[in-house]
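Q: Can you walk me through this one? I have not looked at it before.

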Amino acid sequence: MTTARAVGALSREAAEWYAIDWRAINRNVRRLQVRIVQATKASRWGRVRALQRLLTHSYSGKVLAVRRVTENNGKKTPGVDQEIWDTPEKKTQAVHALKRRGYQSQPLRRVYIPKSDGKTMRPLGIPTMKDRAQQALYLLALAPVVETTADKNSYGFRQQRSCADAIGQCYLALKSANTQWILEGDIKSCFDKISHDWLLAHVPMDRVILQKWLKSGYMEKHVLHETTDGTPQGGIISPALANCALDGLERLLRDKYPAGKRLKSLGGEKPCVNLVRYADDFVITSKSKELLEGEIKPLVEQFLQERGLELSPKKTVITHVKRGFDFLGQNVRRYPNGKLLIKPSKKNVKTFLDGLRRTIKAAHGVSAADLIGQLNPKIRGWANYHRHVVSKRTFGSVDHSIFSSLWKWARRRHPNKSPRWFKPQYFAQRGNRDWSFFGETCDDEGQPNKVWLYHAKSTPIKRHVKVKGEANPYDPAYETYFAVT
């Protein structure tokens, strides 16, 4: 009995990790973040720095940071030191090792991932677990400040905000017939080009720690490369740093072109200038093309130049709303009947269907049930993304294209059988829908069960209620608002 207890006994570090009261930990961190918000709103920056230091040195903050990096999708991906924290003992040791004094960041491990076009590759820097935890810790203290000072219509990399909110704001900005022109802005290599000097001078956090992250460099093929500008794509804190750099553009435009102000250059008309930004992609609306070309675009270029950034000449275009434009995978256009409609973009639909066709084509020896298991999450996820806009007809078209691909898959699987034979093997009536693709599997008791392909058209269209522009998840004034929504 004694031996059995000794073998099964928990180590001191493991017992400490399992004994953590996460509700109390979250409450402690939340309390400090609320105080940071209040100090930020009062512009008491000395108080902000003191509270940030208190949070980054607290046990609660360190525990929450370690928990984040050991429970997210990258928890099994090591940095240059090939170390991961996969046991409670390692997690507890990591908590006690998170200290500012003596901390030195390590180079990032450079890997490449394909871009959305499937042809070019995007560089990604993977920090070590310790660097990730330090970034997560300091992000706990930085995020309340960033949220409090952020542009109202910035939606990327922010809590409680989504692409659907950005698209909803596009609709609100363009539904008026006076708003006719759009500047589609794309920042060239945003994460790779942000000025280190600007970040160090303006980001409200510990500058010594920030400089260590920015200057840590990266390892590629066992060679150390220096980093002179940009934030590491793949770092936990990088999106917040990018938002810090780009916030302020909306305020700049609003101060120069207030909502009710009429311009002599427009014949006494209102300029209808609005900005909607998601990460480094943005659109700016206006009454006239000349205002966008002659005043607003140079203003944006100057704003970005101060931060070491520039617009991409190829991707930055000025478009009339009747011609339409693509934003975040959806097409926004005012049709001849005067209605402004937002639909899934043709490019987004093509990319989605191409991916499904590759999955179906690669499923040579895969059963119908297993193929459905691969397809359903993709179809459901894509349909849920587009369910807030005018998508029903597109959903029907997508379902038909998927059916055609699955019919070819069935014929290729049984080349010597007639359609009359394999139709009942893979397609059947379900409810009022005929030709529904299905597969058969067995449950734990060996009983056969049918699994059915998810139809995009079965996704109900539900209009999205846009988040309030001034809503802040760290501000107690909006606690009830976010609890309800």
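This is a predicted model: local features need pLDDT of at least 70, side-chain atom pairs count only at pLDDT 80 or more; totals for chains, interfaces and linings use all residues.

Q: OK. What is phi like at S189?
A: Phi of S189 is near 45°, a positive value in a residue other than glycine.

Q: Why bring that up?
A: Because most residues other than glycine have a negative phi.

Q: And how exposed is S189?
A: S189 is partly exposed, with a relative accessible area of 36%.

Q: What about phi of W435?
A: W435 is not a glycine either, and its phi is positive, near 60°. W435 sits in strand β13, which covers residues 433-442. Its relative accessible area is 35%, so W435 counts as partly exposed.

Q: Let's step back. How many helices and strands are there in the chain?
A: The chain has 19 helices and 14 strands. Its C-alpha trace spans about 90 × 75 × 50 Å along the principal axes.

Q: How much of the chain is buried?
A: Of the 485 residues, 48% are buried. The accessible surface of the chain is about 26000 Å², and carbon and sulfur atoms account for 50% of that.

Q: And the charges, how many positive and negative side chains?
A: There are 85 positive and 45 negative side chains, and the centres of the two sets are 5 Å apart.

Q: What share of the contacts join residues at least 24 apart?
A: That share is 68%, counted among contacts between residues at least 6 apart in sequence.

Q: What is Q169 in contact with?
A: Leaving aside neighbours within four places in sequence, Q169 is in contact with N153, Y155, V276 and K466. As for R277, it is 108 residues from Q169 in sequence, and their C-alpha atoms are 9.7 Å apart.

Q: Where is L328?
A: L328 is in the loop between β9 (325-327) and β10 (330-334).

Q: Buried or exposed, that L328?
A: L328 counts as buried, because its relative accessibility is 17%. Not counting residues up to four places away in sequence, L328 touches C163, A166, I167, Y278 and Y385. From L328 to D186 is 142 residues in sequence and 12 Å in space, C-alpha to C-alpha.

Q: And T319, which strand is that in?
A: T319 is in strand β8, residues 317-320. With a relative accessible area of 6%, T319 is buried. It touches Q180, W181, I182, E184 and G324, residues up to four places away in sequence not being counted.

Q: How far is T319 from K76?
A: Their C-alpha atoms are separated by 45 Å, and the two residues are 243 apart along the chain.

Q: Last topic, helix packing. How do α13 and α14 pack?
A: Helix α13 (residues 249-256) and helix α14 (residues 289-305) pack at an angle of about 140°, and their axes are 11 Å apart. The contact is made by L249, L252, L253 and K256 of α13 with E295, I296, L299, V300 and F303 of α14.

Q: Left-handed or right-handed crossing?
A: The crossing of α13 and α14 is right-handed.

Technical notes
Residues are numbered from 1 along each chain as its sequence is written. Side-chain values use heavy atoms; hydrogens and water are left out. Helices (H or I, at least four residues) and strands (E, at least two) are DSSP runs, numbered from the N terminus. Buried means under 20% relative accessible area, exposed over 50%, partly exposed in between (1.4 Å probe, protein chains only). Contact means heavy atoms within 4.5 Å. Accessible areas come from the Shrake-Rupley method with a 1.4 Å probe; for residues, only the protein chains shown count as cover. Lys and Arg count as positive and Asp and Glu as negative; His and the chain ends are not counted. The place of a charge is taken as NZ of Lys, CZ of Arg, CG of Asp or CD of Glu. Axes are lines fitted to C-alpha atoms, for helices over the stretch in contact, and angles run from 0 to 180 degrees between N-to-C directions. A crossing is left-handed if the near helix is turned anticlockwise from the far one by less than a right angle, and right-handed if clockwise.
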